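Subject: Model for your files

Hello,

Here is the structure I said I would pass on. My notes follow below it.

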Amino acid sequence: MAERLFLDSNIIMYAIGGSHPLRRPCAAVIERIQARRLSVVTNTEIVQEILYRYRALGKAALALEVGALLMAIADEVFGVLPEDMRLAMELIRRHPAVNTRDAIHCATMVRTRTRTIISADRHFDQFPALRRLDPKDFAETTRASV
């Protein structure tokens, strides 16, 4: 069975967003997920991030469309549990510069034994227990292996 990868919100948002250097690499990742060449999981906080961001931009219909797409392509959407919140708070204590939501994602990953995240955010690199795949590098790696 292929390794499950945690899908960060920025991958799907760059993939469907406007002109940006990460749009094509992120779209390639989403295409591989839809073709079932990648197994991805996420958590409810990622779905919330997407809904919140697009609604804040006045794009409620797009929020629902992208949220539904994410839930359809993810093999599993983990709930965020109290134990995740306790570990997230510990991660914030140890790494004060970490984004709160990202600490929650890391905690969910630790609990679910998901060790690799696909994300454009380099700050995930500071967590030694996790491995981050950059969408640019990932797209190149998977293209070569196909």
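The expected span of a helix is 1.5 Å times one less than its number of residues. Helices (H or I, at least four residues) and strands (E, at least two) are DSSP runs numbered from the N terminus.

Before the findings, two remarks on where the values come from. This is a predicted model, in which local features need pLDDT of at least 70 and side-chain atom pairs count only at pLDDT 80 or more, while totals for chains, interfaces and linings use all residues. Residues are numbered from 1 along each chain as its sequence is written, and side-chain values use heavy atoms, with hydrogens and water left out.

Helix α3 covers residues 44-56, 13 residues in total. From first C-alpha to last, α3 reaches 18 Å, close to the 18 Å expected at 1.5 Å a residue. Its buried residues are Glu45, Ile46, Val47, Glu49, Ile50 and Tyr54; buried means under 20% relative accessible area, exposed over 50%, and partly exposed in between (1.4 Å probe, protein chains only). The cover over these α3 residues includes β1 (4-7), α1 (9-16), β2 (39-43), α4 (60-73), β3 (76-78) and α6.

Ala63, in helix α4, is buried at a relative accessible area of 0%. Leaving out residues up to four places away in sequence, Ala63 touches Ile50, Leu51, Tyr54 and Arg55, where contact means heavy atoms within 4.5 Å. Ala63 and Val47 are 16 residues apart in sequence, and their C-alpha atoms are 9.4 Å apart.

Val41, in strand β2, is also buried, at 1%. Apart from neighbours within four places in sequence, Val41 is in contact with Arg4, Leu5, Phe6, Leu7, Glu76, Phe78 and Thr114. Between the C-alpha atoms of Val41 and Arg93, 52 residues apart along the chain, the separation is 26 Å.

How do helices α5 and α6 pack? Helix α5 (residues 82-94) and helix α6 (residues 100-112) make an angle of about 125°, with their axes 8 Å apart. Axes here are lines fitted to C-alpha atoms, for helices over the stretch in contact, and angles run from 0 to 180 degrees between N-to-C directions. Angles under 35 degrees count as roughly parallel, over 145 as roughly antiparallel, 65 to 115 as roughly perpendicular and the rest as oblique; α5 and α6 are therefore oblique to each other. On the α5 side, the residues that meet α6 include Leu87, Leu91 and Ile92.

Regards
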